[in-house]
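Please look over the sequence and the model shown here before reading the briefing below.

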Amino acid sequence: DGKNRSEAVVFSEERKWMDYVDSRRLEITCGEAPFLVSRYDTTTGRYIPVPERIGQLDRKLRVVSENAKTEEDWLKWAFRAVEATYGYEFQGDNLLIARINLLKTFEDYLLYYWDRKPTIKEYRKLINRIAWNIWQMDGLTGFPPYKAQKNDFTQISFLPMEENTDSDQKKTCKPCQIYNWRSKKKEQFRAS
């Protein structure tokens, strides 16, 4: 039912908990990222306690917390959970809130399970992963908002027209890139 959290999540022999944590999840047009993290009820604004959260990253962090035996192991797998959590958003203000929600979620779980906040080094690592994994993009074009490649066409006119500066922009604008944390390479985002 989603509310009863007293029992640990059980995995089969074929699919271990580490496979679940490493499985990639993407929230398209993520807004404030309620599918990825559920820090508060989106209709009432009520704060949701850590044990009751159901977002994708929340579930991964719950599984990490149930299985990691040491704080070092917890941190390793909690970062891997963040690395496997992606989302894009068109609006810059929503993007900022989504990034904050992921950062605060990581903070909340570390505080809940290990009674501390991240160190400066851990914050830097976390912020780097969130900045790469939660990005601004027009989901219809795969480019940053208002930077999409446009179809070339010629307008017939009897008067001379000003040269279109969009063509310069088309040459320099590249599709959005994400980072593949397992292969340690930047990759062009492809929805297919």
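At what angle do helix α2 and helix α3 pack, and how far apart are their axes? Helix α2 (residues 56-67) and helix α3 (residues 71-83) pack at about 160 degrees, with axes 9 Å apart. This is a predicted model, in which local features need pLDDT of at least 70 and side-chain atom pairs count only at pLDDT 80 or more, while totals for chains, interfaces and linings use all residues. Residues are numbered from 1 along each chain as its sequence is written, and side-chain values use heavy atoms, with hydrogens and water left out.

**Helices α2 and α3**

- The two helices α2 and α3 are therefore roughly antiparallel to each other (a term for angles over 145 degrees, taken from 0 to 180 degrees between N-to-C directions).
- The contact (heavy atoms within 4.5 Å) is made by Leu57, Lys60, Leu61, Val64 and Ser65 of α2, together with Trp74, Trp77, Ala78, Ala81 and Val82 of α3.
- Sorted by class, this contact of α2 with α3 has 8 nonpolar, 1 polar and 1 charged residues (Ala, Val, Leu, Ile, Met, Phe, Trp, Tyr, Cys and Pro count as nonpolar, Asp, Glu, Lys and Arg as charged, and the others, Gly among them, as polar).

**Helices α3 and α4**

- The axes of α3 and helix α4 (residues 92-114) come within 12 Å and cross at roughly 160 degrees, and α3 and α4 are therefore roughly antiparallel to each other.
- On the α3 side the contact is made by Glu71, Trp74, Leu75, Ala78, Phe79 and Val82, and on the α4 side by Phe106, Tyr109, Leu110 and Trp114.
- By class, the contact of α3 with α4 has 9 nonpolar, no polar and 1 charged residues.

Conventions. Helices (H or I, at least four residues) and strands (E, at least two) are DSSP runs, numbered from the N terminus. Angles under 35 degrees count as roughly parallel, over 145 as roughly antiparallel, 65 to 115 as roughly perpendicular and the rest as oblique.
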